[in-house]
Amino acid sequence: MKRMNPTWMAMVASLASTQGFATDIQIGHFIDAPVTGLYYETSSKLSGYTQQGQFEFKDGDEVHFYLGSSNQHKLLATVAAQEVVTPNLASTTPSKSLNMVRLLLGIDTKPNREDLIKLDSDWLSSDKVQGLLKALDLNSLPENLSVSDKPLASVQEAAKHLESSQQYIEQNFTSKQVLTAPVDVKLVNTILKRRDWRGNLCFYDTARRDEPNYRGPIGSTTYKIVDGGMILYPDVGDYYGSDDGSVSSCEVNVSQSYQEQEFEKIDDYSDWGGLIACAHTGCTHRDLNGFDIEDFDDEGDWKYRTVAISYNTTTKLLTQKSQGLGKKAQVEHDNLTEHLWFTSAVNEKQSIDFQGYWRQRNLASGDTRCLYIADQRVMQSKNEACTRNRQNYTQDVTAEFGDMWWLSNDVGTASIEQLNSGVKWYASDNTPRYSLWEFLPTQKEWSDGKIYRRFQDIQVDQFGKQQARTTAVFELERLANDSWI
């Protein structure tokens with residue numbers, strides 16, 4: 001497998017091709033090795049169990065995968081349906097993709113078959129197993145956890161398995177169809193740092209929101225691939241921390257931002273890998289989707305990490321994730337950095353409009369809250385049924401949604417990077433609280449997707465690494481109909 005360039009320049013979204021909508025049923029494949037026995041439902045009402053990874057869908061479908069036998073059982077992933085779906089494509093969080101693999105390997109009934117994962121839906125559907133599964137947070141799984149009679153695979157084992165799965169995909173699903181050729185297209189790449197090299201979790205601190213040079217863990221670069229090289233435009237940049245410690249390793253250092261337009265000459269595009277390598281010739285599925293374990297000497301700085309890249313043909317969004325795999329002989333430091341990148345064309349990047357009516361559902365208890373968001377306020381309905389009647393929304397609960405830090409802007413919209421950030425916010429008594437937002441667009445119009453809000457406690461494990469223990473998970477969905485119960 002060819003190495004993917006780990007830098008932001010290897011990841012750019014396409015954003016040129018268009019697709020029509022057909023009613024014919026198509027065949028998709030869920031592959032972490034082909035998975036048999038994974039229950040699925042699509043937005044066009046198709047459902048069943050995967051067989052050798054295969055599932056049915058229609059163009060434009062959203063597909064939900066469950067561990068069990070119904071949509072009341074443990075939700076594994078929700079994605080935009082396409083020919084190949086992988087754990088890498090199914091999450092925006094680096095550790096979550098690997099933990100999804102760890103879990104699937106841990107409940108595989110054919111562990112000696114490396115070319116197949118088989119699930120027992122009857123066993124998975126039992127109340128006891130569902131209780132265990134629903135208590136799991138795939139963003140953070142302990143190393144010694146077990147659901148069946150065997151422990152889950154380690155992070156390193158899961159990474160090697162994903163690498164083997166990528167080789168299987170390349171051998172069986174190689175397409176020469178060009179997805180994009182973004183030459184002379186202005187692109188924006190947004191970077192989220194999820195952990196620093198020590199393993200510390202990175203959060204946007206709402207107490208520092210008004211500081212002019214504070215960007216938290218969110219960086220940004222804007223550029224255009226052209227003949228002979230690449231134009232870099234003024235932007236915040238992607239330089240984190242400072243040598244003197246005045247800027248945290250979780251924080252973008254704006255003193256290192258791009259102040260002027262620059263041109264970087266490129267003699268051989270193939271040296272870059274990823275999108276830059278294929279921009280002039282046309283990027284295929286193989287160019288924009290992949291998983292690799294990097295283990296090499298980069299001019300004296302040894303790289304030992306996972307690198308994943310995925311392109312979604314429905315949302316036209318390219319995502320890349322990297323996760324440090326810890327120490328080894330050539331790596332003496334903790335090596336636990338996690339990054340997440342989103343890339344899209346500047347004129348096609350979509351914001352999510354938060355103005356309007358919403359339903360928030362607690363995924364554990366099923367309790368719902370009906371919300372109306374406008375003018376930087378969050379109002380709750382006095383009725384149990386969610387309606388689009390503004391007069392019903394009389395209770396001001398804005399203080400309970402301090403993690404919606406984007407509401408302070410004048411337009412009331414959130415970006416995809418904001419909706420995938422960790423947030424440190426404060427209760428009315430100034431007690432710090434922690435949330436993690438997760439949003440993976442699954443529709444052509446990004447605002448149609450569901451948003452997940454996780455309340456977290458921050459703990460330190462026996463290895464000195466920060467871990468986030470999820471205490472509650474909420475699903476937010478926009479209210480689109482006249483009434484919604």
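## Helices across the sheet

Helix H4 (residues 155-172) lies across strands E15, E16 and E17 and runs at about 115 degrees to E15, where helices (H or I, at least four residues) and strands (E, at least two) are DSSP runs numbered from the N terminus. Angles run from 0 to 180 degrees between N-to-C directions, and the axes are lines fitted to C-alpha atoms, for helices over the stretch in contact, with contact meaning heavy atoms within 4.5 Å. Helix H1 (residues 94-106) lies across strands E10 (186-195), E15, E16 (301-312), E17 and E18, and its direction is at about 80 degrees to E17.

This is a predicted model, in which local features need pLDDT of at least 70, side-chain atom pairs count only at pLDDT 80 or more, and totals for chains, interfaces and linings use all residues. Residues are numbered from 1 along each chain as its sequence is written, and side-chain values use heavy atoms, with hydrogens and water left out.

## The open sheet

Eight strands form an open sheet with antiparallel pairing, in the order E14-E13-E12-E10-E18-E17-E16-E15; two strands pair if DSSP finds at least two bridges between them. Because strand E14 (262-265) and strand E15 (290-298) each have a single partner strand, they stand at the edges, and one side of each is left without a neighbour in the sheet. Neighbouring strands of this sheet are turned by 25 degrees against each other on average, direction ignored.

Within this sheet, strand E17 (residues 317-324) and strand E18 (residues 338-345) pair in the antiparallel sense over six bridges, and Ser322 stands opposite His339 in E18.
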